[in-house]
Amino acid sequence: MAAPTSRKFLGRLPLPERTFVTDALRTETVGGVILLMAAIVALILANTPLSGLYGDIKDFSFGPRALHLHLSVASWAAEGLLTIFFFVAGIELKRELVAGELRDPKAAALPVIAAVCGMAVPALVYVAVSASGGGSLEGWAVPTATDIAFALAVLAVLGTALPAALRAFLLTLAVVDDLGAILIIAIFFTQHINFIALGLSVAALVLVWLLHRKGVRTAWIHLPLAVVVWALMHASGVHATIAGVAMGLMLRCTVREGEERSPAERVEHRLRPVSAGVAVPLFALFAAGVPLSGGALADVFSSPETLGVVLGLVVGKAVGIFGGSWCAARFTKAELNEDLAWADVVAVAALAGIGFTVSLLIGELAFPADPTLAGEIKAAVLIGSLTAALFAGILLKLRNTTYQRLCQEEERDEDMDGIPDVYELDSPEYHLRMAAIHDAKAAEHRRLAEVAAANDSGDDGPA
């Protein structure tokens, strides 16, 4: 009996999956740069004479009171705009479960274990640090999240290109993190439930699902329904972003006969730029503006809650993801891709310590009755994310030459058929095309050699 082949950890992706990851992360990278700029603008506004105007805009409230929707601008950003982000996250999760890296339980085990450890260890670090200093344990969930858009923005700023396998690993970590964040928000930050509003929201969700199954995809029907689902979810006491996740999970991700793309892919293609380039940056604009005076920065490293957040993001994430990956690989006897090293896993694990968007959201939810502490937690998220980015940037730069070589190999298409050559090495047609290309080049060089020889023989030199 032949010995079973070992699984590859961070091995080459199938071509369709690689294409999807590349396209999805290209949009996230652009959005991440906009997100980074929005955070910088927020910090400038909060730490200059414009802070008063900035605060007034954040606190300005509008909307119908009768529908429980008389909210501040900051709340509209957190519960309204972020619903778009979580809707796209729901589509990503559904796709990963149906057609992506998570569809095969055996193949998914390793990245899922890594992601779960990458959430559990930061939470444990926070609890240990905060409890030892007599601080509140309410913020345990703050350092559990990964902001893939911000992480990709860091890569763009550094000029570092990750190989496709590492990019897919980072995306899978973020997707599982998003699922964890959804569950945390739904379970731990829902205190008072209006069951009538929740039941009506679920009924509206069922209607959305039935219309989708019947093939009704008219935007002027689904958009008002989505608003109703969101408003009822908000009125129920459950965080309104859960409505976005639920609607995203309802979309079909498989392609049927006569379709070029699935409904989920079409909707995601339209909304991902809105989510990455508008919704998330606007949330950051109103959430990231915290005072960063010398005293405030010193307090971050002296308060047990804020120190727990910083260490959770910087240390907990790196230790959790790397430790989970290494242990899972040993347990499943998976072999690391020979082109990569465990140092690359450490670098990606450190990069995942950039929490930002979801960490800021959870920070607001964790301390609703203490705005001062909530602001300090936000400052800790910013400092922890920046520190993780610097640490990851150093590690990635050390391996950048290797990454550039691997990326060039992945992109090489010498026969110019639109498919990278590494995916055609077992194809006879590919080798025949390459042979014809090389024969043509050889014939051209022979012709040039004959011309050079003729010119050389006719040159008598100086008189």
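**Helices and salt bridges**

Me: Hi! Where do E444 and R447 lie?

Reply: Both E444 and R447 are in helix α17, three residues apart, which is about one turn of the helix. Helices here are DSSP runs (H or I, at least four residues), as strands are (E, at least two), and they are numbered from the N terminus. The model is a predicted one, where local features need pLDDT of at least 70 and side-chain atom pairs count only at pLDDT 80 or more, while totals for chains, interfaces and linings use all residues. Residues are numbered from 1 along each chain as its sequence is written, and side-chain values use heavy atoms, with hydrogens and water left out.

Me: What do E444 and R447 form, and how far apart are the closest N and O atoms?

Reply: They form a salt bridge, and the closest N and O atoms are 2.8 Å apart. A salt bridge needs a side-chain nitrogen of Lys or Arg within 4 Å of a carboxyl oxygen of Asp or Glu.

Me: How many salt bridges does the count come to?

Reply: The count is 15 salt bridges. One of them joins R433 and D415, with 2.8 Å between the closest N and O atoms. That pair links distant parts of the chain, as R433 is in helix α17 (residues 428-457) and D415 is in the loop between α16 (400-411) and α17, 18 residues apart. R433 is partly exposed at 31%, whereas D415 is buried at 9%.

Me: And which residue does E96 meet in a salt bridge?

Reply: E96 meets R95, at 3.4 Å from N to O. E96 is buried, with a relative accessible area of 2%, and R95 counts as buried at 14%.

Me: Which residues are linked in a network?

Reply: E28, E92, E268 and R272 are linked by salt bridges in a network.

Me: New topic: how do α1 and α10 pack?

Reply: Helix α1 (residues 15-46) packs against helix α10 (residues 263-287) at about 20 degrees, with the axes 7 Å apart. Axes are lines fitted to C-alpha atoms, for helices over the stretch in contact, and angles run from 0 to 180 degrees between N-to-C directions. That makes α1 roughly parallel to α10; under 35 degrees counts as roughly parallel, over 145 as roughly antiparallel, 65 to 115 as roughly perpendicular and the rest as oblique.

Me: Which residues of α1 and α10 make the contact?

Reply: Among them are F20, A24 and E28 of α1 and E268, R272 and P273 of α10. Contact means heavy atoms within 4.5 Å.

Me: How about α6 and α13, at what angle do they pack?

Reply: Helix α6 (residues 164-188) and helix α13 (residues 342-351) pack at about 40 degrees, with axes 11 Å apart. So α6 is oblique to α13. The contact is made by L166, F169, L170 and L173 of α6 with D344, V345, V348 and L351 of α13.

Me: Last one: why is α9 largely enclosed by the rest of the structure?

Reply: Because seven of the ten residues of α9 (residues 241-250) are buried. They are T241, I242, A243, G244, V245, M247 and G248. These buried residues pack against α3 (73-98), α6, α7 (195-213) and α8 (219-236).

Definitions and conventions. Buried means under 20% relative accessible area, exposed over 50%, partly exposed in between (1.4 Å probe, protein chains only).
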